[in-house]
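Morning, everyone. Let me put the model up and walk through a few spots.

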Amino acid sequence: MFRCSVRLIRGLTPVTAWLQEQPVLPNLLYRMCVPATYLPTRDLTVTWPRAEECKDYSLPNSSWSQNMMDLYNKYMELSRHGTWIRLPSYRARVDHLIEQCPGSVKHQVTTRLFSRNLDVEGLGFEYAMFYNQAEQRTVCIFQAGPYLEGPPGLTHGGAVATIIDFTAGTCAICAAGMARTANLNINYRNPITLGSTVVVKSRVDKIEGRKIFLSAEIQNVDGQVLHTEATALFIQVK
């Protein structure tokens with residue numbers, strides 16, 4: 001029999017006991033990584049990854065602004081109270097799931113997630129996501145690096161669409177399992193300055209069969225400026 005171990009969160013020792021009692025986190029991380037067709041029926045073994053196994057790009061680094069750190073610490077505190085769950089983020093989908101097969105060799109992975117395609121910290125997408133299971137909401141703390149420039153000094157609209165798609169998609173997957181984008185409708189209200197920290201919020205509005213309807217918005221750190229509004233439709237993969 002195969003033994004599956006799901007990579008969870010580094011650096012959350014105070015909440016380890018609580019997380020181990022929650023079935024949603026290993027299940028949602030597992031469902032995020034592989035199509036439903038390939039999901040085995042066997043039980044999962046939850047383990048904590050070793051530091052050398054895989055880099056979690058959603059952990060703080062020296063490129064993060066003070067606003068980014070303040071918001072991260074805010075949601076980490078909420079995570080300790082059990083309201084939110086921090087979601088790890090690795091450079092490839094397969095890094096979220098390890099299948100250990102006796103006698104087999106781990107295949108070399110050459111693909112990278114689009115939002116994690118730079119190894120130098122601070123140049124591209126810097127973000128951390130948190131999920132609220134009870135409310136079916138996802139919050140993404142996002143800082144745009146200089147390689148995401150569109151108009152001079154401002155974040156490219158395609159980069160903004162990317163972080164909305166990732167945030168809404170994560171929300172859809174956490175709520176309903178593996179899903180893919182069917183429609184993304186974005187209204188750009190105010191540009192996002194490169195290097196600034198913004199908050200991307202997404203929530204599930206309704207689920208009809210395989211259709212998952214979501215809304216999203218991007219605000220500045222104090223919620224006074226609305227940068228972007230969006231609606232999205234994701235289709236659950238069978």
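First, a term: contact means heavy atoms within 4.5 Å. This is a predicted model, where local features need pLDDT of at least 70, side-chain atom pairs count only at pLDDT 80 or more, and totals for chains, interfaces and linings use all residues. Residues are numbered from 1 along each chain as its sequence is written, and side-chain values use heavy atoms, with hydrogens and water left out.

Start with Arg 116. Leaving aside neighbours within four places in sequence, Arg 116 is in contact with Tyr 57, Ser 58, Ser 89, Tyr 90, Arg 91, Phe 125, Glu 126 and Tyr 127. Arg 116 is in the loop between strand E4 (97-100) and strand E5 (125-132); strands are DSSP runs of at least two residues, helices of at least four, numbered from the N terminus.

Which side chain of opposite charge is nearest to Arg 116? Glu 126, at 4.9 Å. Arg 116 is buried yet has no salt bridge. Buried means under 20% relative accessible area, exposed over 50%, partly exposed in between (1.4 Å probe, protein chains only). A salt bridge puts a side-chain nitrogen of Lys or Arg within 4 Å of a carboxyl oxygen of Asp or Glu. For charge, Lys and Arg count as positive, Asp and Glu as negative; His and the chain ends are not counted. A polar atom of the Arg 116 side chain does lie 3.4 Å from the backbone oxygen of Phe 125.

Next, Gln 136. Gln 136 sits in the loop between E5 and strand E6 (137-144). Its phi is positive, about 50°, although Gln 136 is not a glycine. Most residues other than glycine have a negative phi. Gln 136 is partly exposed, at 28% relative accessible area.

Methods:
A polar contact is a pair of N or O atoms within 3.5 Å; within protein, one must be able to donate a hydrogen and the other to accept it, and residues adjacent in sequence count only if both atoms are side-chain atoms.
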